[in-house]
Amino acid sequence: MKKRIIPAIDLLQGKCVRLAQGDYATHKIYSADPVEMARRFEAMGFEHLHLVDLDGAKGDRTCHMRLLEQICGATGLRVDYSGGLRSAKDIADALNAGAERVCVGSMAQQNVPLVRDWMSRFSPAQLMISADVQGGRICIHGWQTRTETTLEQLLEAYLPDLRYVVFTDIERDGMLAGAAVELCRALVRRYPSVSFIASGGVSSVADIQALLDAGAEAVIVGKAFYENRLDINAL
C-alpha cells in the first residue's frame, strides 16, 4: 500500500501548512522546514511526494521553485509539483529542478488549446491535470474561483491524450471527514484510460484502502499525517 500513498507538502510563504476546504485564512503551520519534512516522509519509507505551491496557485506565478530544487536534491523522492505553472517555461523549469511530474490546474480550465499544446511538447507521464471540484464545478486560482466548468467537461477536453488526473473534493479537503470514494469509483468507470490520483478528506488507513479498492492509482494524504491519524506501521 505504501507505494501508492503520496504524502503532501503544501507551501505557503516557505512553510509547510494545511488548509481547510481551500480557505487560506484557516492555514495551520506544521513545519517551518519543508526540506526536513520531505526527509521525514522519505525516512518513513515513502517514495513519492506531492508538493503544492499555494502562493503560486493563488497568484500568477510559481513562487517555490527553489524549495522544489532543494527537496529534490536532499531526497530521492519522486516529486509532483503544482501551483502557479502558467507557461511551458514554468513546466520545463520545474522538471529541470527535479520534479518527475507537474500538475496543471487553473490553466487547464482557462486555456485548453495552450495546455493541449503543452501535452504534445512534454511526455504524457510528465504533465498531469488537476481537477479541483466543489459543488460539481471546477475551482481555480488556489480554489478561490469557482467556474461553471464541470469535472466531466474538463476531463473530456483532454481526451484521448489524458493520462494522469489529480482530483480533489474541496469540501472534504483538510476536514478529516472521509474520502470521496463514490466519486473516485464513478470516474474510474467512466474514464478507464485515465489514471486517477485521489486527494481530499483522507482520515484513516480505511479511507486509503477504500480509494484504492475503488480504482485510484494512488492517494494523496496530507492532514491525516500531520495530525497523527495514520498508523504508519499499518501501511
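This is a predicted model: local features need pLDDT of at least 70, side-chain atom pairs count only at pLDDT 80 or more; totals for chains, interfaces and linings use all residues.
Throughout this walk-through, two residues are in contact when they have heavy atoms within 4.5 Å. Residues are numbered from 1 along each chain as its sequence is written, and side-chain values use heavy atoms, with hydrogens and water left out.

Let us begin with the overall build. The chain holds 10 helices and 12 strands; these are DSSP runs numbered from the N terminus, with helices (H or I) of at least four residues and strands (E) of at least two. Its radius of gyration is 16 Å, close to the 18 Å that the globule rule gives for 235 residues, so the chain is as compact as a globular protein of that length. That radius is taken over C-alpha atoms, and the rule is 2.2 Å times the number of residues to the power 0.38. Along the principal axes, the C-alpha atoms fill a box of roughly 40 × 35 × 30 Å.

Next, the chain as a whole. Of its 235 residues, 55% count as buried, where buried means under 20% relative accessible area, exposed means over 50%, and partly exposed lies in between (1.4 Å probe, protein chains only). If you take the contacts between residues at least 6 apart in sequence, 66% of them join residues at least 24 apart. As for charge, the mean positions of the 26 positive and 29 negative charges are 1 Å apart. Here Lys and Arg count as positive and Asp and Glu as negative, with His and the chain ends not counted; each charge is placed at NZ of Lys, CZ of Arg, CG of Asp or CD of Glu.

Now step inside. A nonpolar core is a set of buried Ala, Val, Leu, Ile, Met, Phe, Trp, Tyr and Cys residues joined through side-chain atoms within 4.5 Å. The largest one has 70 residues, and Ile9 and Leu68 are those with the most contacts inside it. Helix H3 (residues 65-74) gives the most to this core, with 5 residues. Leaving aside neighbours within four places in sequence, Leu68 is in contact with Leu51, Val79, Tyr81, Ala94, Ala97 and Ala99. Apart from that core lies another of 9 residues, among them Ile6, Val166, Ile197 and Ala218.

Cys16, in strand S2, is buried with a relative accessible area of 0%. Not counting residues up to four places away in sequence, Cys16 touches Ile9, Asp10, Lys28, Ile29, Tyr30, Ser31, Pro34, Met37 and Tyr226. The C-alpha atoms of Cys16 and Phe225 are separated by 12 Å, although these residues are 209 residues apart along the chain.

Gly56 belongs to helix H2 (residues 54-58) and is also buried, at 0% relative accessible area. Beyond its neighbours within four places in sequence, Gly56 is in contact with Arg61, Thr62, Cys63, Gly83, Gly84 and Arg86.

Tyr158 sits in the loop between H7 and S10 and counts as buried at 0% relative accessibility. Its contacts, leaving aside neighbours within four places in sequence, are Met107, Ala108, Asn111, Val112, Val115, Arg116, Met119 and Ile129. For one of these, Val112, the C-alpha atom is 7.8 Å from that of Tyr158, across 46 residues of chain. Pro160 lies between helix H7 (151-156) and strand S10 (164-169).

Gln13 has a phi of about 50° and lies in the loop between strand S1 (5-12) and strand S2 (15-20). Its relative accessibility is 65%, so Gln13 counts as exposed. Asn228 has a phi near 55° and lies in the segment after helix H10 (223-226). Asn228 is exposed too, with a relative accessible area of 67%.
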